[in-house]
Amino acid sequence: YKYFLRKTYLKVFKELKDTVMFVKSLPNVSRLLANVPSYMIFDDHEITDDWYLSKRWRLQVLKKELGKDILRNGLMAYAIFQDWGNVPDEYVPEAPQGGDTSPITKRTELLRKSIEYCGDLKNSEDRPAVADEIDMLLGIQQVAESQVKWHFNVRTGDTRTFVLDTRTRREFDSLDAPPVLLSSDAIDEQLPLPHPDGASTPFTFVVSAAPAPGMQSIEQLAQPLYASYYGMKAKVEHNDLTDDDVGIVHGFAGADYEAWGFSVKGLESLLDRLANYKSVILFSGDVHYGFSSVVDYWKGTSTTPRARILTFTSSSAKNEDAGKWNLVNTAFVQRLMTGIGNNMEK
């Protein structure tokens with residue numbers, strides 16, 4: 001009993017010490033970010049874990065007023081505190097004096113309606129009437145595609161950086177299938193052809209929240225096994241689930257089943273488009289581990305790679321994932337998954 005109390009005390013003390021250190025460091029981090037130009041794109045935690053995970057999720061959440069409230073509030077906050085800095089020319093809070101007859105951007109329309117929304121909330125407890133107009137802009141009023149397009153690209157030195165929105169421009173093959181992170185229309189808009197800078201650009205930066213391609217041992221072994229186990233062991237009476245939720249549906253939700261690699265169609269479409277840029281450096285995060293990878297892309301019977309894609313994934317600098325994954329992440333398991341004695345060719 002004394003041993004248990006001592007162990008608990010030491011654990012609580014360590015967590016309190018870590019919390020104090022975290023709080024003390026926040027002003028330094030805030031000052032750094034305030035003085036370094038940053039480009040941002042949302043993934044899941046600006047709203048809630050794995051939002052738009054599946055078509056079923058989308059339909060269930062967007063049919064509820066509370067679900068729409070959470071999405072609306074989160075996206076308005078993202079627009080004002082993050083996206084405005086990405087493309088400031090697309091955000092005009094007030095019309096110039098004398099009127100403005102030129103068409104306004106969807107981002108400007110969202111900003112002005114958000115200001116009206118906050119003013120209405122300040123003056124009344126009733127739901128602002130402008131909420132429905134905002135929901136139409138965000139594609140959450142009629143479960144439609146967002147009118148506001150969140151992706152952007154910027155000149156960065158001698159090259160260009162394309163920042164992808166892989167969250168609101170998804171495609172779903174069925175109610176519970178893993179999402180295609182970018183629909184065909186979204187790929188055309190976010191990764192245009194021909195390259196805006198022409199064929200002479202030395203390489204192209206691309207930012208995708210989820211890695212493409214991801215780690216083979218995770219996406220082809222660990223997550224599918226975990227999804228099956230997690231879904232099959234669920235019990236309706238203990239998990240507040242319906243009969244329809246138990247099984248693979250529940251397993252997909254529990255295992256964050258939304259990587260590029262879970263949709264062959266989606267991953268192949270992305271790689272095929274990136275290959276047109278010849279040399280690509282792709283930055284990712286999201287997955288709670290860091291890694292780098294190299295992909296040489298062939299098409300048809302050519303003996304010469306059409307493109308090379310380097311992926312650098314930086315995620316969770318301090319929050320180490322469960323130790324049980326260490327074996328899965330080893331070079332030995334990676335070698336098994338990518339073909340013993342040979343490099344994997346897909």
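Predicted model: local features only at pLDDT ≥ 70, side-chain atom pairs only at ≥ 80, totals over all residues.
I'm counting a contact as heavy atoms within 4.5 Å.

**Phe42**

I started with Phe42 and looked up where it sits: the loop between helix H1 (2-34) and helix H2 (55-62). Is Phe42 buried or exposed? Its relative accessible area is 2%, and I call that buried because the cut-off is under 20%. Phe42 is in contact with Trp51, Leu75, Tyr78, Trp150, Asp165, Arg167 and Thr168. I followed up on Arg167 from that list: Phe42 and Arg167 are 125 residues apart in sequence, yet their C-alpha atoms are 7.9 Å apart in space.

**Arg169**

Then I moved to Arg169, in the loop between strand E2 (159-163) and helix H6 (184-190). I get a relative accessible area of 1% for Arg169, so this arginine goes down as buried too. Which side chain makes a polar contact with that of Arg169? I found Glu145, at 3.5 Å. Leaving out residues up to four places away in sequence, Arg169 touches Glu145, Lys149, His151, Leu181, Leu182, Ser183, Asp185, Ala186, Glu189 and Gln190.

Last stop was the surface. I checked Leu10, which lies in helix H1. Leu10 comes out at 42% relative accessibility, so I have it as partly exposed.

Key
Residues numbered from 1 in each chain as written. Heavy atoms only, no water. Helix = DSSP H or I, 4+ residues; strand = E, 2+ residues; numbered from the N terminus. Buried < 20%, exposed > 50% of the residue type's maximum accessible area, 1.4 Å probe, protein only. Polar contact = N/O pair within 3.5 Å; in protein donor to acceptor, adjacent residues only side chain to side chain.
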